[in-house]
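Subject: A structure for you to look through

Hello,

Here is the structure I promised to pass on to you. Please have a look at it first, and then read on for what I found in it.

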Amino acid sequence: MKVKLITGRSLQQGASKEVGKLSEEYFNNVAICELDPSDMEALNISPGQNIVLKTKFGEVVLKAVKSAQAPHKGIVFIPYGPWANLVVDPETHGSGMPSFKGIEAEVFPAKKEDKILTLKEVLEKISGGK
Amino acid sequence: MSEILIKNGFVFDPLNNINGEKMDIFIKDGKIVEKVSSKAKVIDASNMVVMPGGVDIHSHIAGSKVNAGRVLRPEDHVKDFEVKTKVTRSGVGYSVPSTFTTGYRYAKMGYTTVFEPATPPLKTRHTHEELRDIPIIDKGCFALLGNNWFIMEYLKEDKLEECAAYVSWLLNAIKGYAIKIVNPGGTEAWGWGKGISHLDEEVPYFNVTPKEIVRWLCKINNILNLPHPIHVHTNNLGKPGNYVTTIETMDAVKDLSKNGEASIHVTHVQFNGFAGTSWLNLASGAPEIADYINKNAHVEIDIGQVTFSDTTTMTADGPFQYILYLLSREKWVNADVEAETGAGVVPFRYKKSNYVNAIQWGIGLELALLVKDPWKIHMTTDHPNGGPFTHYPKVIAWLMSKKAREKTLNKINKNAKRRLDLPGIDREYTLYEIAIITRAATAKSLGLKNKGHLGVGADADVAIYNLNYKSLDPSKDYKLIKKAFKQTAYTIKDGEIVAKNGEIIASSKGKIYWVNSKVAEDIQESMLNNLKMKFEEYYTVKMENYIINESYLHKSFMLNVQSEV
Amino acid sequence: MEKIINNVVCTVCGCCCDDLEVKVKDGKIVEVKNACAVSLSKFQNYNGKERIVKPLIKENGEFKECDLKEAIEKASKILAEAKYPLIYGLSLTSTEAIGKAVELAEALGGVIDNTTSVCHGPSLIGVHDVGLVTCTLGEVKNRADLIIYWGSNPIFSHPRHLTRYTVFSRGKFRRERGERKLVVVDVRKTATAKLADIFIQVTPNQDYELISALRMAVKGEEIYLNEVAGVPTSKIEELADLMISCEFGILFFGLGLTMSLGKSRNIDAALSLVRDLNERTKFLIMPMRGHYNVTGANEVIAWQTGYPFAVDFSQGYPRYNPGETTTIELLTRGECDAALIVGSDPIAHFPVSAVKHLMKIPVITIDPHRSATTLISTVVIPTVITGIEAEGTVYRMDGVPLECKKLVEPPLGLKSDEEIINEILVNVKKLKE
């Protein structure tokens, strides 16, 4: 399904950030993707199931969460963090600011073997296995 | 500490009646002394002019609106930068220089004390942080009180003593030096997008008038025995015909003069010296204002001279800054401050060819030349409103030389030249008078007993200029005047040579002057009890966090004053 | 021994609430009153298992504990030998520390930048062009009868904003909620939108069009489309009328505008809209600054260098050019050969193109907690926490400066950001001679 990706703050992201980036709370609250309930129905996925989000810049496996800020058909939300950054648009248009919001993306259910990467695994992926 | 002997200079020290006498100046441990030992470092000031370090009474160098100006105008800095050296930090100019550059440039010109004339109390911690980062010069700041909610309410309820206690507490809390009034009542009206256009118009909701506010604060200034009179930026700044408001404001506190001393300092009067009824027939109101000042002992002014350049206007006169934006369609910053005041910043270019700007240029000079007593005149450009402070040498040249004025008069808008009285004024300031209006009078007005003069006991802040006084004809050699005042041969601060021939050779941290006003304890306590609840209601910060501790100031100089209550 | 410290300044978001009440018992914080959920989380967790207590140097891919002197020496050496080092972060510390960082960047001939780059940098770029018509938050509390949040979700990002400063606050001239109107413009019906009197759902990346349409309506011009940016024209005209007819309006805007397509142009449009409105009524605008001292970082960098962020000292004087001297571009182009990260986690928050380069160069991180950035650093220097274990000056989102307090003693051996940066500076100056 083609969607627009928004990344941003969430209360849980902010609070769990204070617990620590390497904590379980952070992982549980940030490696997620909030979807509009009707979009979830169309994709045939239930909350807690894994999805794959793909953009021109990368792809990431995340836990699907039902959005409490619906309706917003066609828009998905990922909290700021390492998982979001795998897929955001680095283009700054000379302003210093990457395009963290309004990115063209594709969402589909993850395969059984697709696992959500831990933060350390994300870093390894970026550095090419260092 | 080290000793210095400044030998054979022509000394100008108006506060001690020294007018170009060839004499030696002795420095020891940061002070002027009677004599020094043979170990003293000798500065040969033969054929040079020696003056106390400059004291600038009104220059916007630090604080929230100044920084807003810096951020607003990256283009102002791009072509004027300072590379770092072993002794100095890097920085930028031009009209809103960065803090390090501000201190160095003032020191190079021979200035050693500068006052920031408008700080909003709530944001004064910011002002102090910036002042701390301005090297070498001594500084202080004036507290904006002319639109303060608490003061207007005390005034309405006629609680003079309690209000005096409040002002005393506030100056102490923010480490301020004097009472500053900007567009009294007008900036509060601007909180609703409205304006005030005459002295008897009531401020919305508070129902007091500008005239009442000015008189009230003048009375409080007297009660608290503050070292400097109320420092007033009058209503209707920038409006044709406003010279009338200026004179009315001066007249409003005529009866409040204590011991025949000045009861009011009116600032950058050029901007408030407009005659005429529109931009088309704008004329100089300087003759009328000068006439009033000549006949009345209770007024002193600073001129706010325009110097024809690209510059940045910034004042606490929010509504005026909006009008300037409408006129110029430049970019515009506005920053209202809760319960207290406002501010505005608008870039502006003064052009010789522009009729209005040319008249403005004439007004500033006419004020200085038509007021007979130089002790009532302070030289400023209201930096950066009229022009950057680095243009002061130009102003000095215009004042000292009719020829310099004529050269510029021949370049300005011809209609303006015809309209001004300036071409017909022959008076030329002497070096002695320049020393008065740039250091002696300003220091005296500020109540700084150890500044602005070179008598024994004074701070060893000295400027030595490359001017051969005896062979100089300032009227003809105005270019030499400009050159000499651009950079000193030596600038000495607290007995240390900091600048030499335009180069900073030593840096230091200047002191921050503030007034520690004392009122009777019971009056203070009762005022604070009444204040607490209202404070919570009007502000969004706690009273405890509003207060700045003395330890916050890097180098504090506390001036104790005892009030009448 | 138990004591209550009043009027504590919270050091989390740009609200800088200064009414916190902290109970300290036997040198530990046991209770905090008036704090929001995020603030509470900070007080509860700041000394948790993610806290670093000993400096670390990476050798052969493994972290080894060391003493502070060694860590600072190594850090100084790395920075002094670099050709074009970057100092980044700085929004979560005091202005005193940031001022020292500017001095260090100047001594190194490198670049100093802060999180503004990826937050409200576009807003400052907009300000350079248009200006800014703003006020302090108390003006909103006392006077505002129309409050608009655009691309900002304060219930999540600045939880006490509405209670302390806007719709739920009690001011001199506005005593009740009913005296104010709340409008929210966003791409989703956020938690804040749910509280609004009017919610306008805008199509992602079309804020610029919507603001432009509003400007037209405010100026009395006719919008010839039926719909702009997913919003019916009638609704746009309704909002314009509301804005013109209010007594005192304020537009708060957030990253919804700075990060979407258009970036600084969106802000330019919003700043211009508010400026235009002043010809009809009193209207102001304020960016929702995120971190508790990101505003302060801009202030101190600006007064010391003339520019608010992204300042390059490679020529010996301050140079500023967003797009050239901003961190994301510097890293993406691979220009920096060393980095000092102060109180920030760019590895967790930057796009991959920038993260890739940051993982290739030597990184020194000064931070109290483990993070993605400390994981990949060469030197990690732990520090005390401003506002809890050290005092310092911070600037609220509206530019009001506050001094935050020291509430408890830090763990033994830890120094403040200011002290650490100063020691590095002293070393660097010696090495560069």
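Let us begin with chain C, which has 17 helices and 22 strands. Its radius of gyration is 23 Å, close to the 22 Å that the globule rule gives for 433 residues, so chain C is as compact as a globular protein of that length. Please keep in mind that this is a predicted model.

Of the 433 residues in chain C, 66% are buried. Among the contacts in chain C with a separation of 6 or more, 69% are between residues 24 or more positions apart.

Next, look at where chain C meets chain A. How many residues of chain C are in contact with chain A? There are 54 of them, and they touch 46 residues of chain A. Several helices of chain C give two or more residues to this side, including helix H1 (37–45), helix H4 (121–130), helix H15 (352–358) and helix H16 (372–376). Sorted by class, the side of chain C that touches chain A holds 26 nonpolar, 19 polar and nine charged residues.

Start with the cis peptide bonds. One runs from Gly93(B) to Tyr94(B), with omega near 10°. You will find Tyr94(B) in the loop between strand E8 (91–92) and helix H3 (99–108) of chain B. Another cis peptide bond joins His383(B) and Pro384(B), and its omega is about -5°. Pro384(B) sits in the loop between strand E20 (377–378) and helix H13 (392–400) of chain B.

That loop between E20 and H13 also holds Asp382(B). Asp382(B) is a residue other than glycine with a positive phi, near 55°. Is Asp382(B) buried or exposed? With 27 other C-beta atoms within 10 Å, Asp382(B) is buried; the cut-off for that is 20 or more.

Asn47(B) has a positive phi too, about 60°, although it is not a glycine. Its place is the loop between strand E4 (41–44) and strand E5 (49–52) of chain B. Here 16 other C-beta atoms lie within 10 Å, so Asn47(B) counts as partly exposed.

Enjoy exploring, and write back with any questions!

Best wishes

Technical notes:
Residues numbered from 1 in each chain as written. Chains lettered and ligands numbered in written order. Predicted model: local features only at pLDDT ≥ 70, side-chain atom pairs only at ≥ 80, totals over all residues. Helix = DSSP H or I, 4+ residues; strand = E, 2+ residues; numbered from the N terminus. Buried ≥ 20, exposed ≤ 12 C-beta atoms within 10 Å, placed from the backbone. Contact = placed C-beta atoms within 7 Å. Nonpolar A, V, L, I, M, F, W, Y, C, P; charged D, E, K, R; others polar. Rg over C-alpha atoms; globule rule 2.2 N^0.38 Å.
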